[in-house]
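Hi everyone, thanks for coming. Let me put the structure up on the screen, and then I'll walk you through it.

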Amino acid sequence: MRVLGIETSCDETAVAIVDSDRRILAQKILSQTADHAPFGGVVPEIAARAHIHHLERLTHEALQECKFTMKDIDGIAVTAGPGLIGGLIVGVMTAKGIASAANKPCIAVNHLEGHALTARLTHHIAFPFLLLLVSGGHCQILLVRGIGNYTRIGTTIDDAIGEAFDKVAKMLNIPYPGGPEVEKRALDGNPKAFQFPRPLIDRPHCDFSLAGLKTAVLRTKQQLEEKAPLTDQQVADICASFQQAVTDIIENRLMNAIAEVKKLCPENRRLVVSGGVAANKAIRATLEALSERNGLEFTAPPLNLCTDNAAMIAWVGLERLQNHEADALDFVPRARWPLDPKAVTR
Ligand code: KG4
Ligand code: ZN
């Protein structure tokens, strides 16, 4: 079985084709970073226009690369939410158009489910698993028991972790997107240079809070700047200390989550990390050590499949199609769409 996937929920226009042997046959990702960089963040209108501009061409290129026509494709999977509504509309209308013209099934995919199931595509892992989903717009700990079977264990009460990385970068005049660049600068910094707060740490639940940490970084930066402009070393020290605080918060929240999942699902043997922030090597290393201490296998998808891509969307479509779960063509894009019905969208 082969599925064509389309992802347009944020600032990547992406198309991919995957098959049931877990091969990524084509993978096109057009990042709009340069278009948004002058504004220091994603501008929804610019994103939607760029998706309109590039999606059709990328779809043709993906098919051409495999020497396929639509006859060789068994279904079209598209991100139908959550995300920026303009971009979602572009992807969903394109997917419906292709599905209708080629008479193929269409699958409306939740973007978060794409991140959640990526490790099944790349590492062939079985259910259940504990998932840390950390990206620019989302921050959740989930127990994944099966396709469509997600239990939220924890979430953020304010910012997502990627969002906090991006905001700290902006404060320090580090170009967008901030996460990878903050990680790079942190390599030259001292993680103990500044004692930033670790909000909610040691509280009994598994929720996150990043707002206080972000404000503390801003205050430190302003205090330093009252004396002199920031040096490169000070920027590196702030980045390293911030990243260390985030890593400590994640580790502490997950310790609680692991304990909770031991009660909820004693057969769980695995921790998976996914979403853009999973590309951070310091965070990955901490998660790996935490898993080892708790007798869990640790799985992290390759870096290029942690950030937004269409292979993960095609894969969810394929898993759902194998379960005979195609959608009627009247589905609508959803800016908000929690994975767990009880969840807060973050
Ligand atoms: O999953 P993703 O591509 O898009 C969303 O669904 O949000 O995640 C993008 C987020 C951005 O906030 C970006 O700054 C963050 O992931 N990110 C990182 C790193 N690479 C990407 N954060 C920390 N360290 C990184 N290396
Ligand atoms: Zn994402």
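Quick housekeeping before that. This is a predicted model, so to speak of local features we need pLDDT of at least 70, side-chain atom pairs count only at pLDDT 80 or more, and totals for chains, interfaces and linings use all residues. Residues are numbered from 1 along each chain as its sequence is written, chains are lettered from A and ligands numbered from 1 in the order in which they are written, and side-chain values use heavy atoms, with hydrogens and water left out.

OK, the ligand. Which residues come nearest to ligand 1? There are 19 residues around it, and the nearest are Gly-136, Asp-166, Glu-183, Gly-276 and Asp-308. "Around" here means that a heavy atom of the residue lies within 4 Å of the ligand. Sorted by class, that shell has 5 nonpolar, 11 polar and 3 charged residues. The classes go like this: Ala, Val, Leu, Ile, Met, Phe, Trp, Tyr, Cys and Pro are nonpolar, Asp, Glu, Lys and Arg are charged, and the others, Gly among them, are polar.

Now some distances to oxygen atoms of ligand 1. From Gly-136, a backbone N or O atom is 2.8 Å from one. For Gly-137, again with a backbone N or O atom, the distance is 3.2 Å. His-111 uses a polar side-chain atom, at 3.3 Å. How much of ligand 1 does the protein cover? On its own the ligand has 560 Å² of accessible area, and the protein covers 89% of that (Shrake-Rupley method, 1.4 Å probe).

Helices are DSSP runs of H or I with at least four residues, strands are runs of E with at least two, and both are numbered from the N terminus. And where does ligand 1 lie relative to the domains? Domain 1 (2–116 + 305–322) and domain 2 (128–301) both give residues to the shell, so ligand 1 lies between them. Those bounds come from an automatic or database domain assignment.

On to salt bridges. Side chains of opposite charge can pair when their charged atoms come close. The cut-off is a side-chain nitrogen of Lys or Arg within 4 Å of a carboxyl oxygen of Asp or Glu, and the structure holds 16 of these.

Take Asp-19 and Arg-23, whose closest N and O atoms are 2.7 Å apart. Asp-19 is buried, at 5% relative accessibility, while Arg-23 is partly exposed at 47%. Buried means under 20% relative accessible area, exposed over 50%, and partly exposed in between, with a 1.4 Å probe and protein chains only.

Next, Glu-163 bridges to Lys-167 at 3.1 Å. They are 4 residues apart in helix α5, so about one helical turn separates them.

Last, two buried residues. Thr-13 sits in strand β2 (residues 12–19) and is buried at 0%. Its side chain makes a polar contact with the side chain of His-51, at 2.9 Å. A polar contact is a pair of N or O atoms within 3.5 Å; within protein, one must be able to donate a hydrogen and the other to accept it, and residues adjacent in sequence count only if both atoms are side-chain atoms. Val-316, in helix α11 (residues 311–322), is also buried at 0%.
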